Amino acid sequence: MRVAIADDSALFRRGLAELLTAAGLDVVREAKDADELLAYLLHDRPDVVVLDIRMPPTFTDEGLLAAAAVRERSPSTGVLVLSTYSETTYAVRLVEGAGASGVGYLLKDRVDDVDALRDALARVCSGQHVIDPDIVTRLFARRGRLQGVDALSPKEREVLRHLAEGRSNAGVGSALGLSPRTVEAHVNAVFTKLDLTPAGDVNRRVLAVLTWLRAGG
Amino acid sequence: MDDVVSLSEPARAGSLVPAERLARVLPVPMLLTAVAAVVTWWPCWGTDVALGLINVLVPVSFVAIGIVLLHDRSQRVTGLLMLVAAPCYIMTWWWSWPPEWQIGPLPLASFVLGYGWFVCGGFALVRYPDRGRGYERTYFGVMTAWILALKSAIAVTSRPEWNGYAAHAWWPALLPDRAPSDLLRSVFDAGIAAIAVLLLAVLLLKLRRSRGLERLDTVPVIVAACAVALCGGAYLIGRWAEIPVALMDALRAATGVAALVTPLAFLATVLRRGLARSSVADLVLRLAEAPSVDGVQRAIRGTLQDPLLRVLFWLPAVDGYVDAEGARWAGDAGGRWSVPVQSRSGMPLAVLLLDPTLRRYPALVRSVVVAGGFALENGRLHADVAAQLAEVRASRARIVEETMAERRRLERDLHDGAQQSLLAVTTSLSTARMRAGRDVEVVQALEQARVDLGQARRELRDLARGIHPAVLSQSGLHPAIEGIAERLGLPVVLDLPDQRLPTAMESTCYFVVAEALTNVVKHSAATHVAVGLRLDADDLLLTVADDGCGGASASAGSGIAGLADRVRALGGDLVVDSPSGAGTTVSVRMPCG
């Protein structure tokens, strides 16, 4: 997998590049801001781009804007936004703004788990979404206190969690070791019980589930 | 009155007559005059009581007014004139005495000096309240000369009985001759009639000249004088036209009544001056409602009847006086009487520019100026306090803003520094774990390090978020408070708008909610919490309401008390409503827009 990295902290950039290289990925570019990255994209298409959310010039949400730009210019390139901030609102904005597929929001903390990192990169590369489990856990904890989630069976709850983390049916199946048909049945059951319209677009499901989880009663 | 009024010693002895003094001084002269008048009319009481009463009341009232005016320093001469007019009036009537009474020079005195009451009374009227112009003095000089000269001439050329007196009276009948004496009498009468008419002109000119308070004093007196002049003139014309006796008697009576009006007019003006004192009380009340320079100016203009009066206020900032519109005063009094006013601390406070005729009312002017001065001083003190308060508030708000900016800087430093460093260590650790191979001890040690590092990162992240959540600056209150709600152990209902607010307000609202929710979790044993934010045209209203055990308070030293200070520094207020056992509601109201 060919990966480009954009982050204004040289320290982190170097460390991540080393890690990914040691993990067997091909780091093709280390950019210090979005402009440099987008300029690079003019003559190369990596498989995945890793972006920090907070970059110059305003140090607010450049990463989210850059993610949308990358998806637009290079639809075959997946985008993984890494952030020190575990804020649901950024994850939702990323999915809403950056396209129907292939974007992920991950905490930088995930760099302590190479496998999870590799998995996330593979998923956005193949066009799925990634939502950091930390965020999903928090949302679950909050929503779990209200009605709705208790109506689901434990298996269905697991399925819902994986859906919230952005997995497609196939991804859920491989994560839980279930056949595609079983997965589909569970997914439909979940949607029915939560009174959600099963969107045709698999990737829009993430938004629907996240929105439902965020609605705090 | 000295020309500077200092508010540190406002009280001065008034120049109006204290009532007790008058009560002591008046009765005896009035009684004596009454006795003289009664005696004068003695022979006629049986036939004409009404006229007798008039003839008693007129001199008595002249004497009373004369004495009252004597006590007013500026009206001494007027008072004396009235005192002289009284006996003259009594003497006029000596011609009605029976012959036994008309002894010696009494008839002559009555004849020559009788008219004196008309002259003295008239002159007194013209002189009040303002000393006459040159032509007025000339006029009365001429009148006096005319009367004395012609009356003497008539006396010399006639016999007493031709003039209505007893034949045996002492009379300088040097050249008694009917024809010239009749002629002289006609000339005298014609002259007096003309002079009486001229008096009307003099009085009307005086009325036209007067303004303000002086006009209020002048009008009643002039009305009285006109009445006397008209009646007297009619009487004279009647005598010349030889109208029936009964009509003559009626005219004489009418003149007496008119004469009575004169002292009443004087009395009215004296009373009015007394009432002016109460108008100062009104003034004080009006000033209490209008402490601006413009308000003081309008109130004083009304009380002193001076529409062109100006109040100039001392402004230390420009080191000079400014008027009600704020324009600087050049220092030119423009022909007006300027009265400087000093504040209680001796500093210049104001200058009043008054009509010069008001110098005649020193006590009233003083009271008014002092009242106005106090109002202005209070206004100045209010303005000073308001300015200081505004400065304190601004300074407090600045401090709060600076504190919040500090926190944002701190969070950024943590993010860019310590957090990135820990992440760099993490990546190195992960790389090392990948390269560690199968050495179990190494792998275990690295795994432990990974766990510890993860813990450190989490703590640092929570710390940074506690200092200042970056999402608040970047995306506003709704996502930031949502972040708290997600991390709370309690169901939280949020009703927040998505629009952005000024940084200081967002920050303060966020930390109030954070503190309030912390307290809910720590103390209230609640099961539900609701956070709501409402924005209307002028205000923001934030509420955090729970269904817990209540009994909370914003006591000094608590976290919520510190936030209450911050809310107040932004011009708002924070209220904790927490009846025991009935839940707690923290409400914040802040002005916006």
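Mentor: Two strands are said to pair if DSSP finds at least two bridges between them, and strands (E, at least two residues) and helices (H or I, at least four) are DSSP runs numbered from the N terminus. This is a predicted model, in which local features need pLDDT of at least 70 and side-chain atom pairs count only at pLDDT 80 or more. Residues are numbered from 1 along each chain, and chains are lettered from A in the order in which they are written.

Trainee: What makes strand 7 and strand 8 of chain B a pair?

Mentor: Strand 7 (residues 529–535) and strand 8 (residues 539–546) of chain B share seven bridges in the antiparallel sense, and the definition asks for at least two, so they pair. Within this pairing, Arg534(B) stands opposite Leu541(B).

Trainee: Which strands of the open sheet in chain B are called edge strands?

Mentor: The order of the five strands is 6-7-8-10-9, with mixed pairing, and strand 6 (492–495) and strand 9 (573–577) of chain B are the edges, as each pairs on one side only.

Trainee: Why is Cys120(B) called buried, and what is Cys549(B) called?

Mentor: Buried means under 20% relative accessible area, exposed over 50%, and partly exposed in between (1.4 Å probe, protein chains only). Cys120(B) has 13% and is therefore buried, whereas Cys549(B), at 38%, counts as partly exposed.

Conventions: Side-chain values use heavy atoms; hydrogens and water are left out.
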